[in-house]
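Here's a quick briefing to read alongside the model.

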Amino acid sequence: MGSVYRAKHEKSGEDVAVKLIAAQMSDEMRFRRRFHAEIETLKRLSHPNIVKLIGYGEEQGMLFYSMEFVPGETLQEMIRREKKLSWTTTLDLA
């Protein structure tokens, strides 16, 4: 669907995660509706275990949103390292 990048917030100087939606997805009206619904949901959520939405928009036809950056290992890195996750670890991550 897209890629996530680590970036520096221009005003605060803090690290943020920016999710850039793939161009082929951004062109589909059905996906755009889903994207905007996701943004509206993220705006209303406030919980210590959910990243905070910082901003969102469209630049040169590409949709994006930024969220708080959480340092640590990605799920993909963990799976590569562990090869197989136990059911208890999987539940903890879910």
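**Layout at a glance**

Starting at the N terminus, the elements of the protein chain go β-β-α-α-β-β-α-α. That makes four helices and four strands. Keep in mind that this is a predicted model.

**Overall numbers**

- Along the principal axes, the C-alpha atoms of the protein chain fill a box of roughly 40 × 35 × 25 Å.
- The protein chain has 94 residues, and 20% of them count as buried.

**How the strands pair up**

- Strand E4 covers 62–68, and E2 runs antiparallel to E4, with five bridges joining the two.
- Glu-58 has Leu-63 in E4 as its bridge partner.
- E3 and E4 form a hairpin with two residues between the strands, and Gln-60 there takes a positive phi near 50°.

**The largest pocket**

- The largest pocket holds about 470 Å³ of space.
- Its lining is made of 17 residues, and the ones nearest the centre are Val-70, Gly-72, Glu-73, Thr-74 and Leu-75.
- Which elements each supply at least two residues of this lining? They are strand E1 (2–8), strand E2 (15–21), strand E4 (62–68) and helix H3 (75–82).
- E1 provides the largest share of the lining of the largest pocket, at three residues.
- Sorted by class, the lining of the largest pocket comes out as eleven nonpolar, two polar and four charged residues.

**The second largest pocket**

- Here the space is about 210 Å³.
- Residues lining the second largest pocket include Ala-7, Lys-8, His-9, Glu-10 and Lys-11, along with Val-16 and Val-18.
- Ile-54, Gly-55, Tyr-56, Phe-64 and Ser-66 are also among the residues lining the second largest pocket.
- The class count for the second largest pocket is six nonpolar, three polar and three charged residues.

- Ser-66 sits in strand E4 and is one of the residues lining the second largest pocket.
- Is Ser-66 buried or exposed? Ser-66 counts as buried because its relative accessible area is 11%, and the cut-off for buried is under 20%.
- What does Ser-66 touch, leaving aside its neighbours within four places in sequence? Ser-66 is in contact with Ala-17 and Val-18, and also with Lys-52, Leu-53, Ile-54 and Gly-55.
- Among those contacts of Ser-66, Val-18, Ile-54 and Gly-55 also line the second largest pocket.

Terms used
Residues are numbered from 1 along each chain as its sequence is written. This is a predicted model: local features need pLDDT of at least 70, side-chain atom pairs count only at pLDDT 80 or more; totals for chains, interfaces and linings use all residues. Side-chain values use heavy atoms; hydrogens and water are left out. On a 1 Å grid over the protein atoms alone, a cavity is a set of points where a 1.4 Å probe fits but cannot get out, and a pocket is an open set with protein on both sides within 12 Å along at least five of seven lines; lining residues have an atom within 4 Å of a point. Grid points are joined across faces, edges and corners, and a volume is the space filled by probe spheres set on the points. Ala, Val, Leu, Ile, Met, Phe, Trp, Tyr, Cys and Pro count as nonpolar, Asp, Glu, Lys and Arg as charged, and the others, Gly among them, as polar. Two strands pair if DSSP finds at least two bridges between them. Buried means under 20% relative accessible area, exposed over 50%, partly exposed in between (1.4 Å probe, protein chains only). Contact means heavy atoms within 4.5 Å.
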